[in-house]
Amino acid sequence: MMLGPWLDYTVNGLIIGNIYALLAVGLALIFGVANLINFAHGSVYTVGAYIGWASITFLHTPLPITLLLVIVGCGLLGIAIERVGLRALHGRSRIAPLLATIGISLVLDQLVQLICSPDPRALPNQLGDRRFQIGGGTIGTLDILIAGIGIGSAALLYLFLRFTKLGWAVRATAQDQDAARQMGVDTDRVNMTVFAIASALGGVGGVLVGMYYNDIDPNMSFDATLKGVVAMMIGGLGNVPGAIGGGLLLGLTESYGIALFGSSYRNLFAFALLILILVAAPNGLFQRRRETPPEPLTGTFVARSRPVRLPPWLVAGAVVVAALLPLTNQPYLLQTLTNGLLSALLALSLTLVAGTVGQISLGHAALLAIGGYASGLLALDLGWPVDLGVPAAGLITAALGTLLVYPALRMRGHYVSIATLGIGQIVALVILNWTGLTRGAMGLTGLPPPEIGGFDLTSVRSVYWLVLALVVGIALLQARLLSSHLGRAWRAIREDDVAARSYGVDANRYKAMAFAFGGFGAGVGGAITAHVYSYIDYQTFSATLSILALTMVILGGLGNIVGAILGAVVLTALPEMFRFAADYRMLAYGLVLLLLIRYRPQGLLGTV
Amino acid sequence: MLDRRSLLAGAAAVGVASFARAGRAADAPAIVGVSGPITGPMAQYGAQWKASFDLALEQSKAAGGPAVDYVFEDSQADPRQSVAIAQKFVNDDRIFIEIGDFSSTASMAASPIYQRAKLVQFGMTNSHPDFTKGGDYMWSSSISQAEEQPNLADYAVNALGLKKLAVLHLNTDWGTTAKNLFVKAAQDKGADVVATEAFLPGEHDFRSTLVRIRDANPTGLVLEAYYADAAVIARQVRELGLKQPIAAVGSVYSPKLLELGGDAVNGMFTQSNFFPDDPRPEVQAFVKAFQAKYGRAPDGFNATAYDTMNLVIALVKQFSATREGIHEGLAKIKDVPSVVYGSMTFDPTTRRVAGAKFERLTVKDDKFVLWDGTKPNLG
Amino acid sequence: MLQVRGLARRFGGVTAVAGIDLDVAEGEFVSIIGPNGAGKSTLFNLMSGLDRPDAGSVRFDGVDVTGARPERLAALGLARTFQHGRVFGNLSVLDNVLVGAHTRLRAARPAVPVLGALLELALAAILPGSVRAEERALRADAEKILAMFGDRLLPRRDQPAFGLSYANRRRVEIARALALRPRLLMMDEPTAGMNETETAEMQELIAGLKARGQTILLIEHKLEMVMRLSDRVLAMDDGRRIAEGPPDAVRHDPAVIEAYLGHASMGQAEAAE
């Protein structure tokens, strides 16, 4: 009896781990070949679920035919993603394909939602459910099928990669795309094959999981991608058999986490495990240490570009116009611009960290949350005046943010992105679960408005002016830093951290400095946002905001200060301008993003 | 035009509301501003609202009611967008009342703007206890959990005889409030709450959580969840082999619960302030009309939205389609016919409605039916 | 100045560097030759802190720096160039060179423990006179270094490095290394990919450095250059030392000749030079 529940937790962990493994296998396959974390994988999984649903509902297909249709449908989708969305980006900057997959994911999710409605749908289990008693619980036929498909596909893939000619070509491409091409490997065909296989697998995963829960909805993709990526990371980036192990281990960790602390802590455990693995065994648990130092990636990190040099009078003129805008009577415009400028504080921070220093952070919104909560709690619990609390929140965010990101400082490339994604999630979950400090799910209510010297700023203009002044101030400061030796050192780290370190640039130290400065700006931004809204909770600054901030930064041009502000304002205004398109506006947004990555990867104003 | 000195002096109240406002042309329809999700993760709720608004307005028009129309701005239930929409609405002179947003996060971020502009923000789904504390322009017809939870506790503990309870609740402001109120009420009625488990929105895997619950040995489970979560939980409860009866808060009441939950939700107990088989004439009229227009049965969200639009029409008839008229009217209006409440009257101090009717329901043969008083077999 | 003892590095089953001893004295010019895959670049990586040895030790100016981080070695005065060129593509030519001078920043990088980073951030924001003066001086110096390459780089100093020709990028590498004012300059095939004129030009430049007394460690395939400039030559094959000594002696060492002839991958023309 002592062991009883733990056996159950173990079985449950393995069952959910199965599902993660299935997702991770597809992600690992794509990463192995294209060196790309496919953020659209969860969307393909969702599309698979809906193809299955449509075929069962409208065609009344039996399970084998349903699965076949899903495999064909998602395989073709995978080919389309590779062919239309990604191939043209080959040889461009490393982050262009990553962002493209984010854009593709957005478009696919929106299409599913438009075609199939946002309502959850029942996806009946066609297998029939026979249940077997194990320990105190049961497992069903579907559990076994999911496990079988996960392990079977990994085994098949392994054999395919080892023993077939195409498999050999895939491995050759994975090793070195250019060399493989010179050896006569048709790498385009290889990439296409891999996307087809991985997407078919993802689709099958979607339909099986949908049947498992008898519930599918268009929003299931983000979580699927997230867990799949974590599982893949644990198994080792691009390691197909490792992905199975990673998935199972993730499932077990979550299950034991729930056993110990309850359901709200499951993701906290998942992401803590992720960070632990990243720090202790960055190549995954099942991969031998990488034996050769990585290839130099000189100049490939960001698109080569010559930044557009805006004449100073133009920038100054724009600031003056912006400052005079409130004199026109346009509160809606002002509120939208205020939102845009608040986002600009985040974008300025991210363009420094991701653009100038090259640390693509996918959890940057967590800095806003820290700033917002810090200032909010100082005001509510300690009675600090807001004009003191906001700068204090900036400092707290700088310190806490740098501390939190510390484990990620010695990581590179994709690892940084995944680690920051995990850290961002951890911050949100700690806010949710640390009820004693943060009031948990209830959020902070009744936050006082921003103030200066005892005067409350409540009108939309005064807040606008305040935020505009902050943006201009931080932008000027940031520009000054960029023109100093710090700017040089930061950009050198981005371009080639090995070369930079060889010339005495202590990469960790300078990365930390960038996070500290960036953390201050973002923290102030989060604090002001909190006081303007008067209410924040753990979802106010969500993961989607982190992704949005990154697209702002890319749009403006990595590292480009004016670009970041422009990107923030444009991307805040764009959905507002697309309001007439109502249902279609997020679709339009996704398409604009994709076109931008395709035709102007260096952003509007160019990388600095 | 606002002069800068008074602004710097912190003339807080001189907000956007004081901007010169052109009078509305007499023949233009009065417009309700709706801020809610049409895209994004909560888009289905916006779609449900629309269906009911359209039905209510159509009926009012056919009956020669006042010229009222609505504009629906998509916020994705995102505070960044709901505040922009708020500025848009408060500065649109045609708008005399605002409905929404869907989530408390989005609503409460916009509240200061509506409050300063003296435009009523009617948060029909905002159950966050602090929502109406945002100011005297924040009103809500959302079922008060303070009212519903003791009712549910009475159902579970006294009527069904469940004395050892495990509670699963959504870890949001709504779910946490509901859980706290339920636990208190159940304990007051002499029940023992042996486990409470929170889960995150979007969660699908409850197996391990249920093992914890199983090992706490409850005689019954209580769900503070929405229908989609409740369906998934119920399935996994039965898959785990747990036989205990499940009682759930009224928000699980939806035809979707039956579709998503299948066999597993048979025997689930819930209560609803809206039940299509409720013989009350206003309910039957609504269900019939909704069924005729959309070919499906309405659920609780439809009912709430339908009630709200009818309330607006009644306010316009009895008072005026102006911001001040609505604000005064809400405090004064009495006994507005309501699908959810039977009739609605607001308490002018809490700015909420009291006296929701709760029908005790159970799921039998894949249908919601009125509970016939049979206690579950506690084996 | 540099003492390497028994340095070894294995990758999986392959031993890339197998117990190399090497000494470089102040002002000396030492070249390392050997066929491709002989372990020369790995040896450079081990000495410059980019890779950690499995065995052996490296001492620089008497200090044990085995497995030290590259930042530290740079601070001690060791500068290196890279075989395939690792210029900072999106930085201007001048900025590339200024990064090389990073370790020489004093006013801008206060040597204060713990709070040093914050102070450095503050100084960069405030830009006091001392920091400005230092920056001006370094810029002037960087331009002087660029001028050493005639009109190859100076007119392009504000262009991003990715737009430069291959040969010019190699020059930027060397300029960047010189900006460190290195005590030991390590160059990994500085003339790779250059035509004859360019090679001759580079050779003149390196000869000039030698004449100034610069201590140099060079990996080079072009034997003519090695023979002309080196005080001493170390020949490697399969990670081992096969010969060491004055250029002429090494050149005619049978082991060296055999190593070169035995490797088809080694260009015949180069071996014959």
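Student: Into which domains is chain C divided?

Tutor: Domain bounds come from an automatic or database domain assignment. In this predicted model, chain C has domain 1 (2-87 + 182-272) and domain 2 (90-163). Their C-alpha centres are 28 Å apart. Four residues of domain 1 of chain C are in contact with four residues of domain 2 of chain C, where contact means that the C-beta atoms of two residues, placed from the backbone, lie within 7 Å. The side of domain 1 of chain C that touches domain 2 of chain C has four nonpolar residues, no polar and no charged. Here Ala, Val, Leu, Ile, Met, Phe, Trp, Tyr, Cys and Pro count as nonpolar, Asp, Glu, Lys and Arg as charged, and the others, Gly among them, as polar.

Tutor: Two conventions apply. Residues are numbered from 1 along each chain as its sequence is written, while chains are lettered from A and ligands numbered from 1 in the order in which they are written. The model being predicted, local features need pLDDT of at least 70 and side-chain atom pairs count only at pLDDT 80 or more, whereas totals for chains, interfaces and linings use all residues.

Student: How far apart do the C-alpha centres of domain 1 and domain 2 of chain B lie?

Tutor: The distance is 29 Å. Domain 1 of chain B covers 27-143 + 283-348, and domain 2 of chain B covers 145-272 + 359-370. Eight residues from domain 1 of chain B and twelve residues from domain 2 of chain B form the contact.

Student: What pLDDT does chain A average?

Tutor: pLDDT is the predictor's confidence in each residue, from 0 to 100. Chain A averages 87, and 96% of the residues score at least 70. Over residues 289-300 of chain A, pLDDT stays under 50. Where pLDDT is low, the predicted coordinates should not be read in detail.
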